Amino acid sequence: MQEEIQKLFDRMCDPKESEAFYFADKLGGLADEEAKDKLLELVKGDHWEVAYLACRSLSKTPFQEEALDVIVETIFDKKNKSVQGAFVQILEEFDLSSRFVDVFRIYLFGNFKASTLAKDYLDEVEFDITPRTIRKAEKHWNHYLHNPEDEGSLNLKKSEVEPMLQEMRELFS
């Protein structure tokens with residue numbers, strides 16, 4: 001089995017491989033603990049295309065929660081600023097229901113594509129919301145308000161976020 005998994009890794013990571021997505025999916029179906037660790041290292045690596053494929057592979061494994069932690073960390077890694085959108089796009093393959101705060105942070109602090117995709121997730125995913133989730137989101141919102149990346153988007157985000165937070169607060173009042 002290890003030999004087969006290694007062949008899948010080799011094919012998935014080969015830049016000349018035209019069916020890398022197929023091998024990433026197949027690898028995800030066979031991944032064990034050792035393969036998971038190697039996939040997580042690839043996600044943190046310097047080649048974003050391979051990292052994206054590793055994310056896709058991890059989405060097919062039972063290790064999704066652990067993978068999401070690493071993917072979100074990768075999204076906010078400064079070296080990936082220009083390709084954040086690709087990593088945010090792969091999040092659609094994962095169960096995000098318990099990740100409201102992570103998606104909210106991406107919406108606030110991501111580049112244009114990442115922010116737009118995160119907004120779609122905020123609108124479409126049914127999140128598990130608790131009072132603690134709301135407090136954490138408000139903390140990030142306050143940080144954003146005091147440190148906006150550009151003043152032009154501040155009013156737009158204000159018009160979207162403040163009603164969203166108010167609606168969530170009303171759920172618990």
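Aspartate 69 is partly exposed, with a relative accessible area of 45%. (Buried is under 20%, exposed over 50%, partly exposed in between; 1.4 Å probe, protein chains only.) Arginine 99 is buried, at 9%. Their side chains form a salt bridge, 2.8 Å from N to O. (The rule: a Lys or Arg side-chain nitrogen within 4 Å of an Asp or Glu carboxyl oxygen.) The two sit 30 residues apart, aspartate 69 in helix α5 (residues 64-75) and arginine 99 in the loop between α6 (84-90) and α7. (Helices are DSSP runs of H or I, at least four residues, numbered from the N terminus.)

The model is predicted: local features need pLDDT of at least 70, side-chain atom pairs 80 or more, while totals for chains, interfaces and linings use all residues. Numbering starts from 1 along each chain as its sequence is written, and side-chain values use heavy atoms, without hydrogens or water.

In one of them, arginine 56 meets aspartate 25 at 2.6 Å, N to O. Arginine 56 lies in helix α4 (residues 48-58) and aspartate 25 in helix α2 (residues 20-30), so the bridge ties together parts 31 residues apart in sequence. Arginine 56 is buried, at 19%. Aspartate 25 is partly exposed, at 23%.

Aspartate 123 pairs with lysine 119, with the closest N and O atoms 2.9 Å apart. Both belong to helix α8 (residues 112-124), four residues or about one helical turn apart. Aspartate 123 is exposed at 52%, whereas lysine 119 is buried at 17%. Elsewhere, salt bridges link Glu33, Lys36, Asp37 and Glu66 in a network.
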